[in-house]
Amino acid sequence: MNGRRDQHESDPHGRTEPTLGNLDQLDASDARQARPADDGLPKVTLDAGQRHAHPGHGRGSRAASGKRGWLWPLLLLVAIGLGVTFYLEQDRVRGLLPTTELNDVLGRAEQALRDGRLDGNEGSSARELFEAARALEPDNDRARDGLRKVGLAEVAKADAALAAGKPDEAEQATNAARELLGGGSDVDRLSQAITKARSATFEAGTLVDQAQQAMTDGRPADAGALYKRILAADPGNAVASHGLDKVGDALAVQAHKEIDAGDRAAASASVDRLAALLPNYGELPSLRAALVQDQKEDDGQLSEAIRLGQAALRAGRITGSGSDTALAHFKEALTLDPDSAQAKAGLGQVAQALVVQANAAQDSGDAAQASRLLDQAAELAPKSAELAAARAHLNDTTRRPGGAGMVPGELPQADAQAELSPQQNAELARLVRQAEAAARSGNVMLPPGESAYDLYRRALAIDGNNEAARRGLQELPATVVQQFNQSLSSGNLQQAGERLNDLADLAPGEAGQTELRQRLANAWMDQAEERLGGGDRPAAAQALDRARKLAPGNPRLSGIAARLQAGG
């Protein structure tokens, strides 16, 4: 510190470094000898390789040592990252590790699933094995996915069971699927379908009971319709199939009896019902052949009886004790065919003729003969409007003093009205108004006591010559024809048939009814073809039956019946 720069201060920053002096002279022996024994400096011995080292070598070593200082923290961070990754991916890592027992259980479970062994209690089903695998490793993806596949397989199994008509098996599979899948839309759908299937099964049982009761009651056609309903919902129902065979046998027996009894219309209806229910029934061809033969025989006899009856009617041989009267011939025709419209019309014409004769007898003052003729007419056409009017007129005439020999119309109308009390006149007017309203409403013959027919008769019972009541009663047939046309146009065939029956009661034998019957028969046949086209064969058979009763000789009947027998 003497103000003089030390000879060893080679660092410009003032740092003092130890020096070894002139190293070139170290090899010289005289330098070793000349060096003092102790100059206060440390004694350093250098190898030959170190003597010519680079002057900056010391600084480089210190720099390398600094770089190695941050390497250890880096390695520690890498180790920590690997540890975290292993923790987060332990399932995947664990799956890569060989687990002999778990893999064996999973393999057997998947094989059971492929074999369709879904559930059981012997430890070998897919569900049991997958659950065992989950017990070994709760988070195993293969086991979890396997149980889901088992649930889906149970859904498919339930669908197949429902299609086979086995709701119990379907319910068992659905419950298993619910446990495995935790519910879902498929499980809900299956539950609803099972409920519906059970309801259908219950309904089928009820229908079977009803069909068996119908057979017991002698109504095989009704039983057949019930069995057909069951088979439409369950084509494989053995009870319904067997029951339908029994219905076929019963209808065949019934048709044979009706043919033997000469009831051709009923026999034809039975055969058509049989063809609709069992189109391949073995006895159908023979039954139809018997019907054709019977019809040919009866048609000839029926036509002859009607021809003879019309001839007798024109000749004036209305009634009498002989067999060559119109009445005798038409009764014979009706025996051959109880549903013959021509025979019924002939009897109606006989009744009309008797009413005309009764009116003539009354006009001539022979009330007793008029009464006898009206009684005969009433046996043939008890609800004839002309008969009711004639009867009321006769009763009104005979109950007046000296009226038995009085010519109708001889007493002035004012005098007739004068014989009625005010109460009777009021009641008469009320009955006529009610009768007119009933006729407009379509209540022509029904209900009894409140129909237009009965109300007009009650009015005529008060005054048999009342013009409004007589005219209203006689105009009822025309009113019925108008209502028939309206019902037919609107497609209400049932109501049109009721109006036609009313007309047959009110005006039996009146011309024009045959044409109305043909129109209604054609409408029923149109409906039969429509029902047949829609696959409703029982309804088609019923419509065809109604048409046949109205017009048994209509040529369209055979074609529709053939289609019905052939299945449409």
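Which residues does Leu520 touch, not counting residues up to four places away in sequence? In this predicted model, Leu520 touches Phe484, Leu488, Leu493, Ala496, Gly497, Leu500 and Leu550, where contact means heavy atoms within 4.5 Å. Local features need pLDDT of at least 70 and side-chain atom pairs count only at pLDDT 80 or more, whereas totals for chains, interfaces and linings use all residues. Residues are numbered from 1 along each chain as its sequence is written, and side-chain values use heavy atoms, with hydrogens and water left out.

Leu520 also belongs to the largest nonpolar core, which has 52 residues. A nonpolar core is a set of buried Ala, Val, Leu, Ile, Met, Phe, Trp, Tyr and Cys residues joined through side-chain atoms within 4.5 Å; buried means under 20% relative accessible area, exposed over 50%, and partly exposed in between, with a 1.4 Å probe and protein chains only. Together with Leu520, the residues Leu473, Leu476, Leu506 and Leu544 touch the most other members of this core. Helix H25 (residues 513-533) contributes the most to it, with eight residues. Apart from this core lies another of 29 residues, including Ala312, Ala343, Leu347 and Ala351. In soluble globular proteins, nonpolar side chains tend to be buried together.

The chain as a whole has 27 helices and zero strands; helices (H or I, at least four residues) and strands (E, at least two) are DSSP runs, numbered from the N terminus. Of its 568 residues, 35% count as buried. Among contacts between residues at least 6 apart in sequence, 55% join residues at least 24 apart.

Helix H6 (residues 100-115) has 16 residues and reaches 23 Å from its first C-alpha to its last, close to the 22 Å expected at 1.5 Å a residue; the expected span is 1.5 Å times one less than the number of residues. Its buried residues are Leu102, Val105, Leu106, Ala109, Ala112 and Leu113. These lie on the same side of H6 because they cover an arc of only 120° around the axis, taken from the directions from the helix axis to the C-beta atoms. They pack against helix H7 (126-136) and helix H8 (141-163), while the face turned away carries the exposed residues Thr100 and Arg114. Just after H6, Gly116 takes a positive phi of about 85°.

Helix H9 (residues 167-181) has 15 residues and spans 20 Å between its first and last C-alpha, close to the expected 21 Å. Pro167, Ala170, Ala173, Thr174, Ala176, Ala177 and Leu180 are the buried residues of H9. Gly182 follows H9, with a positive phi near 75°.
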